[in-house]
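Dear colleague,

I am passing on the structure below, followed by notes on what was found in it. Please read the notes with the coordinates open beside you.

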Amino acid sequence: MEASGCWPEASPWIRPAMVDKVPRHQYAPDLLWVWDGSSWASVERTTDPEGWTSAVYGGPYESTVTQITDGLPTSSLSCGSVVADMLDSLKLRSGDRVLELGTGLGWNAALLAERAGPDCVVSVEVDPQLAADAQTRLHTAGLSVEVHTSDGAAGWPAGAPYDRLIATYAVESVPWAWVEQTRPGGRIVTPWGRLGHVALTVADDGQSASGWVQGLATFMPARGTDQGLEWSQIPHDGQDDSSNRFPCPVRELADGNLLFALRVLSPDIRITVSANDDATAWLHDGRASWAVITADREDSPGTAVQGGPRLLADEIVRGWERWTSAGRPSLYDFGMTRTAEVQYIWYEDAEGVRQRWEPTAPVRRPSAA
């Protein structure tokens with residue numbers, strides 16, 4: 001964490017809390033899961049202690065998967081860099097009353113309690129077994145945290161109002177109940193969709209919450225969310241494939257600022273860029289459309305091969321052009337506003353003017369119009 005510059009200077013309490021007072025391994029179960037390249041393989045503490053330890057402390061940017069349901073991860077210890085970043089974004093103070101949505105193993109709740117103090121943290125978990133196990137771990141650690149089994153989307157109104165609210169799972173739309181249960185001037189930190197997390201401050205009149213994007217955290221969605229198909233599950237044969245020139249430098253698709261802008265404009269397109277010397281990007285929409293973009297050199301335009309009813313490469317070119325015409329704003333120039341009626345993303349230009357950044361219509365093949 002130190003070598004990677006992940007300890008936030010503005011929140012010096014986080015480092016001793018994560019390293020010494022509430023160490024990560026104390027909240028890890030004996031059975032973990034690691035990706036072996038083709039499937040999730042189990043790692044048990046009793047039979048493979050070195051493998052188990054490596055899975056718990058894989059690095060500042062690696063999460064530890066602790067539960068698999070129907071072949072997909074449904075609970076984890078989040079990567080240390082993101083945990084520290086989100087706690088820093090929360091601006092938590094001693095004595096603050098905190099609502100956490102998504103207890104999981106209880107580690108984040110323990111960190112919150114270490115900072116806020118006893119009887120200040122309420123945590124909600126939809127999985128009854130996870131909630132019970134987390135409550136046991138927290139009690140064993142001597143931490144006074146309320147853990148309740150419920151759907152986090154409803155918050156926990158019995159304990160409202162809260163000074164701070166933090167979610168450990170991703171939502172596309174911030175539930176209005178979260179805003180209602182956070183006092184005016186209070187802060188809400190949550191992952192947003194598949195890419196990014198935001199920190200919102202509730203307005204003085206309590207009728208809205210607004211704030212900035214904080215980073216590119218990737219979190220699991222709310223339990224029961226349809227995550228769509230993976231790349232390997234989308235049919236790539238027998239479709240109306242097409243090949244055409246891709247006019248932009250393929251390697252730039254790894255730029256987090258561009259990725260976030262494209263994520264707002266085309267929320268369902270998932271982009272993976274190769275980490276090797278060759279410039280290759282894979283796109284899919286989780287349903288039936290896909291594209292592979294390649295280039296001979298990392299700074300050169302490429303060729304896009306596309307299949308399915310949508311032309312995903314054409315779609316991101318259109319979004320890329322919009323991002324460029326807006327002055328190539330960074331992800332930290334973007335923010336979110338949530339009211340009782342609507343949620344929208346905006347970016348602030350060089351003159352300090354905020355402009356909405358709305359999703360665009362998909363680009364479809366003529367035959368699929």
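Which residues in H3 meet which residues in H4? Val 83, Leu 87 and Leu 90 in H3 meet Trp 107, Asn 108, Leu 111 and Leu 112 in H4, where contact means heavy atoms within 4.5 Å. By class, that contact has six nonpolar residues, one polar and no charged (Ala, Val, Leu, Ile, Met, Phe, Trp, Tyr, Cys and Pro count as nonpolar, Asp, Glu, Lys and Arg as charged, and the others, Gly among them, as polar).

Before going further, please note that this is a predicted model, in which local features need pLDDT of at least 70 and side-chain atom pairs count only at pLDDT 80 or more, while totals for chains, interfaces and linings use all residues. Residues are numbered from 1 along each chain as its sequence is written, and side-chain values use heavy atoms, with hydrogens and water left out.

Helices and strands are DSSP runs numbered from the N terminus (H or I, at least four residues, for helices; E, at least two, for strands). Strand S1 (residues 31–35) pairs with strand S2 (residues 40–44) in the antiparallel sense over five bridges, pairing being assigned if DSSP finds at least two bridges between two strands. Leu 31 has Glu 44 in S2 as its bridge partner. The two strands, S1 and S2, form a hairpin with four residues between them, and Gly 37 in the turn has a positive phi of about 105°.

Elsewhere, S5 and strand S6 (residues 121–125) run parallel and are joined by four bridges, with Leu 101 opposite Val 124 in S6.

Best regards
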